[in-house]
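Open the model in your viewer and show the side chains. We will go from stop to stop, selecting a few residues each time.

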Amino acid sequence: MKVNLKPKPIHFKLGEYINKGFELLKKDFGNIFIACLVCLIMSIIPFCGLLAMGNLFKYLQRLSRNQPASPGDIFDFKDFMPYFMLQLIVFGGVILLYIPMIIMMTVSGAMSEGNQPNPMIMFLIFPYIFLMFVAIYYFVLKGFYIIPLISLKGITEIKEAWNISKIMTKGNVLSIFLFSLVVSILAQIGIVACGIGLFLTIPFLYTAKYFAYEDAMQQIEYDEITEIGIKNEF
C-alpha cells in the first residue's frame, strides 16, 4: 500500500547494510536460498526479471520482521505493470544510446578503404563508448531506489519513482557505487569458487541490498501523526 513519503537525501550506512545482510542470511539461510532460486526461475519469464527481484525484497522484508512469508510469494504479478513499463523505458534508453554508435560504425564502413576502418570515425567511437557507459552508470545509480519504491512503498508511476530516487541519492552516488561494487565483488567470489560459493554469495547480494533499501524507505517515511505531535510540543 502506498504511504506518505518525505523524500530527502539518504544517510547511507554501507557497513551496516553488509553486516545486517550477513546476519539475516545466517538466521534463515535455507528459506532465503530457496527464495533466490524461485526468483531466478521467475526471471526466465519474459519481462518478469525486475518483478521477481522486487517480490524477493518484499519476501525479505516479511522475513526480517518475523511475519508469515513463503518463497512462493515471489510468484506475485500484482506489480507487473510498473516493472513492465520500467523495462520498456530501460530498453528504449539503451537503444537510443546505441543508435549514434551504429551510425558512426556504418559511416566508418562506408568511408573506409579496403578493410581498414576510417581513423577519424574510430577516434569518435571510443569517446562515445566511454560517455555511454558513464550515462548508463549515472541512471543506474540515480535510480537505485526505484525498485524498492515500487515494491515496498507502492509507487506505481515510474516518473514519480525516478524523481524520488534522484532526491534520495543526492550526495550519495559514490557511497551507492562503492556499496554496489563491494557486494558485487563478494558475489563474484562464488563464481571463483567453482560456482559452489554462489549458493552463499548470491543470496547475500540480495539480503545486503534489502537492508539498504529498507533503511532508505524508513528514512523517507512521513509520519503525519508524529509530525503533528512535534509541532504541538512547540
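A salt bridge is a side-chain nitrogen of Lys or Arg within 4 Å of a carboxyl oxygen of Asp or Glu. The structure holds seven of them. This is a predicted model, where local features need pLDDT of at least 70, side-chain atom pairs count only at pLDDT 80 or more, and totals for chains, interfaces and linings use all residues. Residues are numbered from 1 along each chain as its sequence is written, and side-chain values use heavy atoms, with hydrogens and water left out.

**Stop one.** Select Lys26 and Glu23. Their side chains form a salt bridge, 3.3 Å from N to O. Both sit in helix H1 (residues 14-27), three residues apart, so about one helical turn separates them. Helices here are DSSP runs (H or I, at least four residues), numbered from the N terminus. Lys26 is exposed, at 61% relative accessibility. Exposed means over 50% relative accessible area, buried under 20%, and partly exposed in between (1.4 Å probe, protein chains only).

**Stop two.** Now pick Arg62 and Asp73, another salt bridge at 3.3 Å, N to O. Arg62 lies in helix H3 (residues 49-64) and Asp73 in the loop between H3 and helix H4 (80-111), so the pair ties together parts 11 residues apart in sequence.

**Stop three.** Go to Lys153 and Glu221. The closest N and O atoms of this salt bridge are 2.4 Å apart. The pair links distant parts of the chain, 68 residues apart. Is Lys153 buried or exposed? Lys153 is buried, at 8% relative accessibility. Glu221 is partly exposed, at 40%.

How values were computed: Helices (H or I, at least four residues) and strands (E, at least two) are DSSP runs, numbered from the N terminus.
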